Amino acid sequence: MDNYSSAFRDSNLAALLTERLSKYSGSNVNIMEVCGTHTMSISRYGIRSLLPESINLISGPGCPVCVTPLYFINSAIELSNEKDVIITTFGDLMKVPGTSSSLLMEKARGKDIRIVYSPLDSLKIASENKDKRVVFLSVGFETTTPVTALTIRKAAEEGLSNFSVLSANKTIPNALKILALDEDVKVHGYLYPGHVSAIIGTKLYHELASQYGIPGVVAGFEPIDILHGILTLVDMINENKKAVVNEYKRVVDEEGNKEAIKVTEQVFSPCDSVWRGIGNIPLSGLVIRDEYEAFDAWKVYNLKPCIAEETPGCKCGEILRGKLKPTDCGLYGKKCTPENPVGACMVSSEGTCAAYYRYQGV
Amino acid sequence: MQEIITLAHGSGGKTTGDLIKNIFIKHFNNDILIKNEDAASFMLSGRAAFTTDSFVITPVFFKGGNIGKLAVCGTVNDLSAVGASPLYLSCGFIIEEGLSLNELEAIVEAMAQTAKEAGVKIVAGDTKVVQKNAADKIFINTSGIGIIPDGLYISGSNAKPGDKVIITGTVGDHGCSILLERERLDIYADIKSDCAPLNKMIGDVLSKTKDIHVMRDPTRGGVAATLNEIAAQSKVGIKLYEDSIPVNDQVRGVCELLGMDPLYMANEGKMLIIAPEASVNNIMGVLRNTEYGANSCIIGEVTDEHINRVVMKTVAGGNRIVDMPVGDQLPRIC
């Protein structure tokens with residue numbers, strides 16, 4: 001595997017691509033990397049420092065932790081107060097600030113909150129702790145949802161009665177459409193995430209290209225993938241090609257992963273969903289189907305989402321939409337740092353602000 | 001039935017005495033310890049170095065060692081980092097009742113073996129037993145004293161522009177191996193902790209050249225945190241070259257899977273050495289011929305640019321800041 005990925009990290013090839021990009025002399029272009037994993041890679045490999053000023057990368061809304069609404073964290077904390085409840089969660093939700101606390105702080109106060117690496121680990125914990133009730137905090141996009149769906153299905157098959165899922169899963173397509181229609185966001189091209197595309201395929205992107213006139217490139221996450229993707233996209237923008245090019249054919253095909261789509265559809269159905277900083281986007285979320293309601297923590301614990309106010313001055317919304325850069329926010333680097341995040345974009349290592357803060361070019 | 005540690009073992013009575021005799025004296029056995037005084041006494045001559053460290057780790061036994069080996073290596077390596085030859089160690093045990101005597105003995109045996117390898121004596125000790133859940137199996141504190149050779153001045157504030165940065169082997173092995181074992185991840189990788197006493201290796205280097213500016217063992221927070229400390233203390237910038245940093249293939253794979261960075265993962269058997277260019281060849285020549293330094297690499301240099309910051313030239317040719325870590329690295333979602 002290492003040899004395979006190292007080919008996509010080849011410094012000589014990177015230098016060649018960088019040289020071609022540095023010669024770009026067309027008009028200014030804004031390219032949005034939709035997904036947080038791209039944001040991370042771009043920062044990790046210092047790719048911004050390799051681009052001419054006329055090529056501007058904007059980070060999109062694709063960091064699942066960043067767009068998870070405040071009320072979700074508040075509800076999770078409320079649940080952790082229940083005596084017999086064990087909360088299981090992905091690591092990066094731990095530091096997300098709720099209205100008055102975070103899961104990390106609640107864990108320090110003695111609540112049973114455990115980090116898992118896969119939702120399936122929660123089932124193990126549930127069967128080992130029959131006298132407790134395990135709640136898995138499920139956030140994420142098309143890439144993570146199938147495993148959560150699989151977990152719920154498995155829990156149903158095994159008849160586990162002490163396991164449920166507090167879900168805030170989201171889907172990318174409608175968020176992209178909203179962004180494409182937003183007058184304030186001037187995106188000339190999309191850099192599409194390889195892993196989401198591996199699940200949903202590339203059909204939607206063609207629609208965005210033909211209906212909204214925004215070209216796109218599906219790219220992997222290695223530096224060569226990204227540099228080449230940007231190069232292709234810049235050419236397409238300048239040649240006014242409203243099309244989609246899949247440069248991640250080693251993983252992505254047109255149809256996507258039918259099995260993953262099937263299991264997701266079996267367990268979840270589409271619903272409206274609130275994106276932190278953006279607001280409600282119709283049919284951009286997923287809710288657990290009635291058939292599996294015994295595993296829906298919102299219903300099991302009768303939790304009512306209570307929409308909460310963001311901290312004044314927090315520009316996460318504008319940053320998630322690519323309207324502002326992190327450095328345009330008055331809190332960035334001052335009141336809001338990775339040690340003390342105010343907004344969600346600073347929390348996840350994939351968050352635009354955290355990535356900026358940690359990896360900004362020198 | 002398996003024998004276990006009970007509160008009686010910490011009461012100071014006969015049970016405590018038996019424990020000391022049958023386990024601690026048996027393995028640590030040396031002329032100073034067996035005198036059984038309230039304090040150890042010995043002669044020292046020269047400039048002394050003195051350090052202490054406490055060890056808490058889950059799991060207590062891991063691939064490549066256990067908490068006992070770690071407790072000796074940690075203190076020996078801290079002394080080595082200032083160029084001192086470690087001589088005497090003390091150790092304090094805080095044991096949770098219920099720990100099996102077999103496990104305790106295995107830990108103590110590992111300490112004795114490592115001390116023997118490093119050529120240090122464990123000359124003072126203390127044992128306390130606490131109730132169930134008041135500790136996590138066993139905590140160990142070790143302190144150590146060593147002597148710094150004349151004419152040696154190694155300090156974190158001593159890095160100078162133009163110096164080269166050497167790491168004595170692959171980075172992130174300890175942190176990665178502990179993570180895999182602690183979190184019960186179903187990832188099968190042949191990774192073990194690099195936990196090792198480095199004093200012999202450093203001694204070999206110092207016998208060849210004393211022209212070294214900084215040494216530090218990159219434990220918690222990894223190479224990233226340690227180099228940030230040095231940059232700030234020395235008021236210099238440090239430039240790293242990503243393609244020169246040695247990382248075990250499997251560690252790299254696990255880190256990529258979990259969204260972590262080997263530069264931020266703990267090492268327990270590596271030393272960062274910062275030295276003038278003129279002495280680098282000598283140092284590398286010695287290191288490459290040692291057991292624990294065979295994979296030593298020059299990974300960067302000290303500069304008068306970007307003061308206080310560590311910057312890495314990535315494999316893609318871009319530059320990025322290698323920042324001080326904030327809290328623990330937590331695995332990413334996807």
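Q: Where in chain B is Asn308(B) found?
A: Asn308(B) sits in the loop between strand 11 (297–303) and strand 12 (310–313) of chain B. The model is a predicted one.

Q: Why is Asn308(B) called partly exposed?
A: Asn308(B) has 13 C-beta neighbours inside 10 Å. A residue is exposed at 12 or fewer and buried at 20 or more, and partly exposed in between. The count of 13 therefore makes Asn308(B) partly exposed.

Q: What is the phi of Asn308(B)?
A: The phi of Asn308(B) is positive, about 75°, although the residue is not a glycine.

Q: Which loop holds Asn133(B), and why does Asn133(B) count as exposed?
A: Asn133(B) lies in the loop between strand 5 (121–130) and strand 6 (138–148) of chain B. Asn133(B) has 9 C-beta neighbours inside 10 Å, and the limit for exposed is 12 or fewer. Asn133(B) therefore counts as exposed. Asn133(B) also has a positive phi, about 70°, although it is not a glycine.

Q: What makes Glu183(B) partly exposed?
A: There are 18 other C-beta atoms within 10 Å of Glu183(B). Buried would need 20 or more, and exposed 12 or fewer, so Glu183(B) is partly exposed. Glu183(B) belongs to the loop between helix 4 (173–182) and helix 5 (199–208) of chain B.

Q: How far apart are Glu183(B) and Pro59(B) in sequence and in space?
A: In sequence Glu183(B) and Pro59(B) are 124 residues apart, while their C-alpha atoms are 9.6 Å apart in space. Pro59(B) lies in the loop between strand 1 (47–55) and strand 2 (61–62) of chain B. Thr58(B) and Pro59(B) are joined by a cis peptide bond, with omega about -5°.

Q: Why are helix 1 and helix 3 of chain B called roughly parallel?
A: Helix 1 (residues 14–28) and helix 3 (residues 101–118) of chain B pack at about 15°, with their axes 9 Å apart. Angles under 35 degrees count as roughly parallel, so helix 1 of chain B is roughly parallel to helix 3 of chain B. Their crossing is right-handed.

Q: Which residues meet where helix 1 of chain B packs on helix 3 of chain B?
A: From helix 1 of chain B come Ile23(B), Phe24(B), His27(B) and Phe28(B), and from helix 3 of chain B come Leu104(B), Glu105(B), Val108(B), Glu109(B) and Ala112(B). By class, this contact of helix 1 with helix 3 of chain B has six nonpolar, one polar and two charged residues.

Q: What makes helix 4 of chain B oblique to helix 7 of chain B?
A: Helix 4 of chain B and helix 7 (residues 249–258) of chain B pack at about 55°, with axes 10 Å apart. Roughly parallel needs an angle under 35 degrees, and roughly perpendicular one of 65 to 115. Helix 4 of chain B is therefore oblique to helix 7 of chain B. The contact joins Asp173(B), Cys176(B) and Leu180(B) of helix 4 of chain B to Val251(B), Val254(B) and Cys255(B) of helix 7 of chain B. These residues divide into five nonpolar, no polar and one charged.

Q: How do you know that the buried residues of helix 5 of chain B are on the same side?
A: The buried residues are Asn199(B), Met201(B), Ile202(B), Val205(B) and Leu206(B). They cover an arc of only 160° around the axis, which puts them on the same side of helix 5 of chain B. Among the elements that cover them are helix 2 (67–81) and strand 4 (85–96) of chain B.

Q: Why are helix 6 and helix 7 of chain A called roughly parallel?
A: The axes of helix 6 (residues 119–128) and helix 7 (residues 145–158) of chain A come within 8 Å and cross at roughly 25°. The limit for roughly parallel is under 35 degrees, so helix 6 and helix 7 of chain A are roughly parallel to each other.

Q: What makes the buried residues of helix 6 of chain A line one face?
A: Pro119(A), Ser122(A), Leu123(A) and Ala126(A) are the buried residues of helix 6 of chain A. Seen down the axis, they fall within an arc of 105°, so they line one face of the helix.

Technical notes:
Residues are numbered from 1 along each chain as its sequence is written. Chains are lettered from A and ligands numbered from 1 in the order in which they are written. This is a predicted model: local features need pLDDT of at least 70, side-chain atom pairs count only at pLDDT 80 or more; totals for chains, interfaces and linings use all residues. Helices (H or I, at least four residues) and strands (E, at least two) are DSSP runs, numbered from the N terminus. Axes are lines fitted to C-alpha atoms, for helices over the stretch in contact, and angles run from 0 to 180 degrees between N-to-C directions. Angles under 35 degrees count as roughly parallel, over 145 as roughly antiparallel, 65 to 115 as roughly perpendicular and the rest as oblique. Two residues are in contact if their C-beta atoms, placed from the backbone, lie within 7 Å. Ala, Val, Leu, Ile, Met, Phe, Trp, Tyr, Cys and Pro count as nonpolar, Asp, Glu, Lys and Arg as charged, and the others, Gly among them, as polar. A crossing is left-handed if the near helix is turned anticlockwise from the far one by less than a right angle, and right-handed if clockwise. The arc is that of the directions from the helix axis to the C-beta atoms.
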